[in-house]
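The sequence and the structure come first, and the account follows.

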Amino acid sequence: MNRKILTLTLLLAVVPGVAMSASVYKWTDENGVTHFGDRQPTGSKAERVNVRSGTSTDASGNRQSPQERLRNVQEQRADETEQRREMAAEEARRKQREANCETARSNLNVIDTNARIRIEENGEQHYLSPEEIAEKRAEFERIAEENCGPEEQ
């Protein structure tokens with residue numbers, strides 16, 4: 001009788017340990033349904049699930065080392081920083097183009113609405129001649145054309 005109780009006790013103590021050490025695999029089929037099983041499926045990538053801790057590992061052994069993960073994170077951060085820098089430079093170019101466009105249009109408006117234009121050079125003021133006004137108009141039209149239209153790549 002004691003022998004049967006001892007055997008039963010040992011059996012009850014060992015069975016959960018054996019059951020817990022069995023491999024459990026997790027995979028997702030082509031329909032997006034997640035499956036669990038005790039055998040690794042053929043033809044699909046599966047993760048081995050640690051039943052005791054609830055964590056999973058890649059069953060194919062393609063797990064990255066901490067150094068590889070760190071390198072990937074650093075590369076990703078460097079790429080993000082580069083993208084932010086490029087976006088900031090592009091935004092600065094866009095704002096500069098808008099300011100140049102607005103200034104050129106404003107100057108063209110002044111030229112078109114005033115018969116005489118007075119400027120200051122070297123501390124002296126003088127009026128522009130019709131030829132000088134035509135030169136300034138051509139210059140501002142060129143600036144407006146370069147900065148007011150769609151940006152050329």
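## How the helix axes are defined

The axis of a helix is taken here as a line fitted to its C-alpha atoms over the stretch in contact, and the angle between two axes runs from 0 to 180 degrees between N-to-C directions. The model discussed below is a predicted one.

## Overall layout

The chain contains three helices and six strands, and from the N terminus on these elements follow one another in the order α-β-β-β-β-α-β-β-α. Of its 153 residues, 12% count as buried. Among the contacts in the chain with a separation of 6 or more, 32% are accounted for by residues 24 or more positions apart.

## The packing of α2 and α3

Two packed helices are described by the angle between their axes and the distance between the axes. For helix α2 (residues 66-113) and helix α3 (residues 130-148), the axes come within 8 Å and cross at roughly 150 degrees. Because angles over 145 degrees count as roughly antiparallel, α2 is roughly antiparallel to α3. The crossing in which α2 passes α3 is left-handed.

On the α2 side, the contact is made by Arg-97, Asn-100, Cys-101, Ala-104, Arg-105, Asn-107, Leu-108, Ile-111 and Asp-112. On the α3 side, the residues that make the contact are Ile-133, Lys-136, Arg-137, Phe-140, Glu-141, Ile-143, Ala-144, Glu-146, Asn-147 and Cys-148. Sorted by class, the contact of α2 with α3 comprises nine nonpolar, three polar and seven charged residues.

Which residues of α2 are buried? They are Arg-97, Cys-101, Ala-104, Leu-108 and Ile-111, and these buried residues pack against α3. An α-helix has 3.6 residues a turn, so residues three or four places apart point the same way.

Asn-147 lies in helix α3, and it counts as buried because its relative accessibility is 13%, where the cut-off for buried is under 20%. Leaving aside its neighbours within four places in sequence, Asn-147 is in contact with Arg-97, Asn-100 and Cys-101.

Glu-151 has its place in the segment after α3 and is partly exposed, with a relative accessible area of 33%. When its neighbours within four places in sequence are left aside, Glu-151 is in contact with Glu-90, Arg-93 and Arg-97.

## The loop residue Asn-122

Asn-122 lies in the loop between β5 (118-121) and β6 (124-127). Is this residue, Asn-122, buried or exposed? Asn-122 counts as exposed, because its relative accessibility is 80% and the cut-off for exposed is over 50%. The phi angle of Asn-122 is near 55 degrees, which is a positive value in a residue other than glycine.

Conventions. Residues numbered from 1 in each chain as written. Predicted model: local features only at pLDDT ≥ 70, side-chain atom pairs only at ≥ 80, totals over all residues. Heavy atoms only, no water. Helix = DSSP H or I, 4+ residues; strand = E, 2+ residues; numbered from the N terminus. Parallel < 35°, antiparallel > 145°, perpendicular 65-115°, else oblique. Left-handed = near helix turned anticlockwise from the far one by under 90°. Contact = heavy atoms within 4.5 Å. Nonpolar A, V, L, I, M, F, W, Y, C, P; charged D, E, K, R; others polar. Buried < 20%, exposed > 50% of the residue type's maximum accessible area, 1.4 Å probe, protein only.
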